[in-house]
Amino acid sequence: MLLVTGGSRGIGAAVVRLAAGAGYPVAFTYVQDAAAAESLATDIGAGGGRAFAVRADVAVEDDIVRAFDAAEAELGPLAGLVNNAGITGPLRRVEAVDAAMLERVFAVNVIGTLLCAREAVRRMSTAHGGAGGAIVNVSSVAARLGGPGDYVHYAASKGAVDSLTVGLAREVASEGIRVNAVSPGLIETEIHAATGDPGRLARMVPGVPMRRAGTAEEVAQTILWLLSPAASYVTGANLDVSGGR
Ligand code: NAP
C-alpha cells in the first residue's frame, strides 16, 4: 500500500491517480477539501482501483499515526510513502514574517515530513521486521533558488526537506528503504492562488528555460519512477522537475 500525504488536489492527486492506475492500493490524506478527496477516491474505485481518503493534518502527530494505522487496516502493509503535503504560507519578505506563520509552514513542511517518515521507517524497515519500501519527499527548486522577495521561509523549509532526504536515505539504506526527493519548479496547481497572488505563475513562466509551467502529472511520473523497482539502486537522489529552471 502507498500512502500519499496531501493527495486530494494538485501533485498529490496526480500521484494518487497514476499509482492507482499502476495497481497500487493508495491511501491519501487531506485536511480541508473533503469533497475533492471523496470525489477522487470514488473516481478511482469506479475505475477498478483501490483508494482510501483519510482526513489528517500532517502538522498534528496524532493525526499522522491515526492515518497510517487506518490506511494499513484498510489496504494492508505500507510499502511506500510520498511526503507531498506542503504549504508556502503567504508571500512576503523576511522583514514581514511572524512566528505563527513560520511555525505553521515548518510544522507542515518539515515536522510533518519527518514524522510521516518516522512512521514509514517504523513500519517498513527490515530492522523492525518490515519488508522494506520507498519514500519520496516533495521538495522544491525554491530550496536552491532561495525564494527572495516572495518566500524565503518556504525555501528554507524545503532546504530542510533536502537535508533530511539525504540523511534518512543513508540512515536506512541497509534496511530495505530507499529515500529520494523530487524538486518541482513552476507547476500548475492551486498552490499559487493560495499564496494570495494567482498571477505569479504566469509572470514567472518566461524565466523558465522550457518557457512553460509543468503539470502535476509530469511531477507524478517522476515520483512513480522513484517508487518503482526501476529505481532500485537510487537513494538519496533529488530530481528536479522544473523545465530547466
Ligand atoms: P496544492 O495544489 O495546494 O495541494 C496541496 C495538497 O496538500 C492538498 O491536497 C491539501 O489538502 C493538502 N494539504 C495541505 N496542507 C496539509 C496538511 N497540513 N496536512 C495534510 N495535507 C495537507 O499543492 P501542490 O502544488 O500540489 O503542492 C504539493 C507539494 O509540491 C507541496 O509540498 C509543494 O510545496 C510542492 N511544490 C509545488 C510546486 C508548484 O509549483 N505547485 C512547486 C514546487 C514544490 P486540502 O485541500 O484538503 O487541505
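Reply: Happy to! Let's start with Arg211, which sits in the loop between helix H8 (200-204) and H9. Please keep in mind that this is a predicted model. The backbone of Arg211 deserves a glance, as its phi is near 60°, a positive value in a residue other than glycine. With a relative accessible area of 56%, Arg211 is over the 50% cut-off and therefore counts as exposed.

The side chain of Arg212 meets that of Glu218 in a salt bridge, with 2.8 Å from N to O. Glu218 is partly exposed as well, at a relative accessible area of 31%.

From here we can follow H9 itself. Helix H9 (residues 216-227) packs against helix H1 (residues 10-21) at an angle of about 55°, and their axes are 8 Å apart. Because of that angle, H1 is oblique to H9. The two helices cross in a right-handed sense. On the H1 side, the contact is made by Gly10, Ile11, Ala14, Val15, Leu18 and Ala19. H9 contributes Ala216, Glu217, Val219, Ala220, Gln221, Ile223 and Leu224. Sorted by class, the residues of this contact comprise 10 nonpolar, 2 polar and 1 charged.

H3 and H4 pack at an angle of about 40°, with 10 Å between their axes. Their crossing is right-handed. H3 brings Glu61, Ile64, Val65, Phe68, Asp69 and Glu72 to the contact, while H4 brings Gly112, Leu115, Cys116, Arg118, Glu119, Ala120 and Arg123. By class, the contact of H3 with H4 holds 6 nonpolar, 1 polar and 6 charged residues.

Those charged residues take us back to salt bridges, of which the structure holds 18. In one of them, the side chains of Arg123 and Glu72 meet at 2.9 Å, N to O. This pair links distant parts of the chain, since Arg123 belongs to helix H4 (residues 99-124) and Glu72 to helix H3 (residues 61-75), 51 residues apart. Glu72 has 22% relative accessibility and so counts as partly exposed. The cut-off matters here, because buried means under 20%.

Another salt bridge stays within a helix. Glu119 pairs with Arg122, and their closest N and O atoms are 3.5 Å apart. Both residues lie in H4, 3 residues apart, or about one turn of the helix. Arg122, at 48%, counts as partly exposed.

Finally, how do these charges join up? Here is the wider arrangement. Beyond the Glu218 and Arg212 pair, salt bridges that share partners join Glu61, Asp69, Glu72, Arg118, Glu119, Arg122 and Arg123 into one network.

Definitions and conventions:
Residues are numbered from 1 along each chain as its sequence is written. This is a predicted model: local features need pLDDT of at least 70, side-chain atom pairs count only at pLDDT 80 or more; totals for chains, interfaces and linings use all residues. Side-chain values use heavy atoms; hydrogens and water are left out. Axes are lines fitted to C-alpha atoms, for helices over the stretch in contact, and angles run from 0 to 180 degrees between N-to-C directions. Helices (H or I, at least four residues) and strands (E, at least two) are DSSP runs, numbered from the N terminus. Angles under 35 degrees count as roughly parallel, over 145 as roughly antiparallel, 65 to 115 as roughly perpendicular and the rest as oblique. A crossing is left-handed if the near helix is turned anticlockwise from the far one by less than a right angle, and right-handed if clockwise. Contact means heavy atoms within 4.5 Å. Ala, Val, Leu, Ile, Met, Phe, Trp, Tyr, Cys and Pro count as nonpolar, Asp, Glu, Lys and Arg as charged, and the others, Gly among them, as polar. A salt bridge is a side-chain nitrogen of Lys or Arg within 4 Å of a carboxyl oxygen of Asp or Glu. Buried means under 20% relative accessible area, exposed over 50%, partly exposed in between (1.4 Å probe, protein chains only).
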